[in-house]
Amino acid sequence: MPGAPEPGRDGARTEDRRHMIRRRWLTATIIVLLIGIPAGYLVISANQSRNSGRDKEDKYSATGLTEGWPSKVQRRLYDVPIPPYSAEVAYYETNNWRTSRLYVQFLTSNEGLAKFLKRIGTTESKLKPKDLTISKRDRNVVGWEFTGPGPWSGLTHEQKDPAPSQDVVVDRANPEHPMVYVVSTTTP
């Protein structure tokens, strides 16, 4: 019969050229799928992991304030309950073997300031006019310069270790929306 496969050495019929090409193409496709797809996922995963590491490195090597809210854990650990609807929120955290500090700034309402002070365990009546309670050293860490028109007031809320102590400075340049600066220090 013309075009029919010829018998092979062991008596079985051999495949025709078209079938052989199709079988090789199918084998190559399966190999590419079995090796290529996992290899592609590995490359994508490695790039994402490397980018994540760079993001973390940038975050933790930053000097100065980071725009945004500190994590809930940080706010709870340092006892800095930022009032809801606050604006211009920024923070910076430092840690060493002796002390840990969280620097936070936020713009709030008068009600928000009263709630914040109440939640840390003090009141507005404890704010002393022209008292810049945040040290020059701490101001330099984050670049705060309390030189605006003010009026400025501040307080220090000390607590027994290991509870954090807070230095608070309030700028009332806008009487309806005070800008609050806090340095919360904890000693393990």
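**Burial, rings and strands**

Trainee: Is W144 buried or exposed?
Mentor: The relative accessibility of W144 is 6%. Buried means under 20% relative accessible area, exposed over 50% and partly exposed in between, with a 1.4 Å probe and protein chains only. W144 therefore counts as buried.

Trainee: What kind of model is this?
Mentor: Residues are numbered from 1 along each chain as its sequence is written, and side-chain values use heavy atoms, with hydrogens and water left out. Local features need pLDDT of at least 70, side-chain atom pairs count only at pLDDT 80 or more, and totals for chains, interfaces and linings use all residues, for the model is predicted.

Trainee: How many helices and strands does the chain hold?
Mentor: Helices (H or I, at least four residues) and strands (E, at least two) are DSSP runs, numbered from the N terminus. Along the sequence they follow the pattern α-β-α-β-β-α-β-α-β-β-β. The totals are four helices and seven strands.

Trainee: What is the angle between the planes of Y103 and W144?
Mentor: Rings of Phe, Tyr and Trp (its six-membered ring) pair if their centres lie within 6.5 Å; planes under 30 degrees apart count as stacked, over 60 as edge-to-face and the rest as tilted. The structure holds eight aromatic pairs. Y103 and W144 form one that is edge-to-face, with 6.2 Å centre to centre and an angle between the planes of 65°.

Trainee: How far apart in sequence are the parts that this pair ties together?
Mentor: Y103 is itself buried, because its relative accessibility is 0%. Y103 lies in strand β3 (residues 100-107) and W144 in the loop between α4 (136-142) and β5 (152-157), so the parts tied together are separated in sequence by 41 residues.

Trainee: Which residue in β3 stands opposite E93?
Mentor: Two strands pair if DSSP finds at least two bridges between them. β2 and β3 pair in the antiparallel sense over seven bridges, and they form a hairpin with four residues between them. In β3, the residue opposite E93 is L102.

Trainee: Which residue in β7 stands opposite Q105?
Mentor: β7 (residues 179-186) is mostly covered, as eight of its eight residues are buried. M179, Y181, V183 and T185 point one way, while V180, V182, S184 and T186 point the other way. β3 and β7 pair in the antiparallel sense over eight bridges. In β7, opposite Q105, stands Y181.

Trainee: Which residue in β7 is the bridge partner of Q166?
Mentor: Q166 is in strand β6 (residues 165-171), and it counts as buried because its relative accessible area is 0%. Seven bridges join β6 to β7, in the antiparallel sense. The bridge partner of Q166 in β7 is S184.

Trainee: Is I31 buried or partly exposed?
Mentor: I31 is in helix α1 (residues 17-61). Its relative accessibility is 45%, so I31 counts as partly exposed.

Trainee: What is the accessible area of the nonpolar surface patch that includes I31?
Mentor: Patches are made of residues with over 30% relative accessible area and no salt bridge; like charges are joined within 9 Å and nonpolar side chains (Val, Leu, Ile, Met, Phe, Trp, Tyr) within 5 Å. A salt bridge is a side-chain nitrogen of Lys or Arg within 4 Å of a carboxyl oxygen of Asp or Glu. Accessible areas come from the Shrake-Rupley method with a 1.4 Å probe, and for residues only the protein chains shown count as cover. W25, L26, I30, I31, L34 and I35 form the patch, and their accessible area together is about 670 Å².
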